Amino acid sequence: MVELASQDSRVVCLDGDLATSTRTDMLFKAHPDRFFMMGIAEQNMFGVAAGMASVGLIPFVSTFACFTAKRALDQIRIVIAQPGLNVKFIGAYSGILTGKTGKTHQSVEDLTVFRAMPNVVSIAPIDGVEVRQAMHAMVEYDGPVYLRLTRDPMPVIMGDSYQFQIGKAVTLREGKDITLIGTGEQTQRCLDAANLLAADGISAFVLHVPTLKPLDVEAIVNAAAATGLVVTAEDHSILGGLGGAVAEVLGEEYPVPMKRIGLRDTFGESASNAPLLEKYGLTARHVAAAAKTLLEKRST
Amino acid sequence: MNDPSIPGIPQLIEIARSVRIDIVQAIHHAKGGHFGGPLSAVELLVALYFRELNIDPVHPQWEDRDRFILSKGHSAIALYAVLAERGYFPVEELMTFDAIDSRMQGHPDMKQTPGVDMSSGSLGQGLSAGIGMALGARVLGKSFRTYVMIGDGESQEGQIWEAAFIASRYQLDNLVAILDYNKVQQFGWQYPEPLLPIDHPEEKFAAFGWHVIEIDGHDFNAILNAFDQAKMVKGKPTIIIAHTVKGKGVSFAEGKYQWHAKVPNDEELTLALAELVRREG
């Protein structure tokens, strides 16, 4: 964020009094004249961002995903998405791994919401490398973009040569038995699941889909065609998120058996990460088990 | 008033009459739209677009222009009529209001209509966007001013008060809100006795740190003086509380909530036009 603001004088940041959580306080220290504390008032904050964008600035609006996708949704719809204004909105603390805050501060519907909203690009990066590249791509792209971030830093997966492109999915692993498709940090659990499956002699294809909209239909169809079986995985509801998106694409373009890993029409609860992933079925082991179920079905 | 290109009060009154006729005809033709709210805002909008705003109808996207947001977006036809009379597009185009493929959408669309600076329609949102423009002017080192018209019913929205707080906190003296205080909303409180959409807005905005000016919103002298006074205020935003009459200019609609969004039939159109042509003339 600091780097972006230093490179482009049009970049400003609006914060909903979560600067020490989302770490936009670093921008405040570097460029205090382009950091705007908007208080605990998200609806106004998104409207202010729209006004700033309309006069040529590039506002990044930073708050938790639960507030971005719900509390200020009508504001995003009316003054940002409908006129297509150049506002970038960050949903931090997405999914259920939100530091023991519980279901009020978890966000399991944001991808569904923004997938359904015309004009909005939605990005869920896998690691810090991709986050950084995505933020540069967001500045270059003229229009509303939603960036879904997680609370806890994830291991770095992407190499130095990686080039993020809006709307492009990335094959992380070739395989011939089963296709695992992930988004956000959940793709990392797909990679772990691929390792678990490899130990059992199963060859998994792993596709990372960082852009939920526009969706890389060609990559998803090719990944499905490579094995004929698909498991999707997301730290999000299976209704309308990545799982829903992939099911829609394959249903129309290339029907194959599939399973969706994600929250099954439920809210979360307060707990640390490991028990949450276990209870809500999001671990690598759950992804691998879904893959095996599909493989067993095919062989019978 | 030495410059002949600047309209004086008698001309502004004539323009307002034309705008009202445009509004009534367009709503009748479209068989849709709102009636009372657009008519209460006519003098305020005419004063803005023909005297106050630093704008260029030939270059509606001019970067240094003053900005205006019609936050009470359901009064869109009034804004369209004023923009048409000001030369942004032909007056005849008003007859496409609400029709398929029209640039005159039911609520203001900044990507469709030349001269519209911000989309609106879901109430309570325009003041926040105005803050963004005013802060943007500050960041960009530009001297343009931002004006936002809000409604009294609209001021029941919580976002208006989020915005009122932030505008004051950022000391936005380049931001002017105009409250079209027409005292009537779509239905409102009718029982056991009628209540105003908002009581004492002057006290509420003053408590939030705004400079408050109260005027008769149909009196061009008062409106223009208020705009001048607002420019003198430093370190705080200004709100002009404009006392207006809903449905102003059409006697059978004045002050009546039933005419919030009623479409005049042929007979009512004839009556309204007769009054508008005769009145003040």
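## Contacts of A:A291

In this predicted model, A:A291 touches A:I178, A:L180, A:A193, A:L197, A:I202, A:A204 and A:V231, leaving aside residues up to four places away in sequence; contact requires C-beta atoms, placed from the backbone, within 7 Å. Residues are numbered from 1 along each chain as its sequence is written, and chains are lettered from A, with ligands numbered from 1, in the order in which they are written. Local features need pLDDT of at least 70 and side-chain atom pairs pLDDT 80 or more, whereas totals for chains, interfaces and linings use all residues.

## Nonpolar core

A:A291, A:L180 and A:V287 touch the most other members of the largest nonpolar core, which has 181 residues. Such a core joins buried Ala, Val, Leu, Ile, Met, Phe, Trp, Tyr and Cys residues through C-beta atoms within 7 Å, buried meaning 20 or more other C-beta atoms within 10 Å of the residue's own. Helix α4 (residues 76–86) of chain B gives the most to this core, with 9 residues; helices (H or I, at least four residues) and strands (E, at least two) are DSSP runs numbered from the N terminus.

## Sheet and helices

In chain A, 5 strands form an open sheet of mixed pairing, ordered β7-β9-β8-β11-β12; pairing requires at least two DSSP bridges. β7 (170–173) and β12 (258–263) of chain A each have a single partner strand, so one side of each lacks a neighbour in the sheet.

Strands β8 (residues 178–182) and β11 (residues 230–237) of chain A pair in the parallel sense over 4 bridges, and A:L180 has A:V231 as its bridge partner in β11(A). Helix α13 (residues 284–299) of chain A packs on the sheet and touches β8, β9 (204–208), β11 and β12 of chain A. The direction of α13 makes about 160° with that of β12(A), where axes are lines fitted to C-alpha atoms, for helices over the stretch in contact, and angles run from 0 to 180 degrees between N-to-C directions.

How values were computed:
Two residues are in contact if their C-beta atoms, placed from the backbone, lie within 7 Å. A residue is buried if 20 or more other C-beta atoms lie within 10 Å of its own, exposed if 12 or fewer, and partly exposed in between; C-beta atoms are placed from the backbone.
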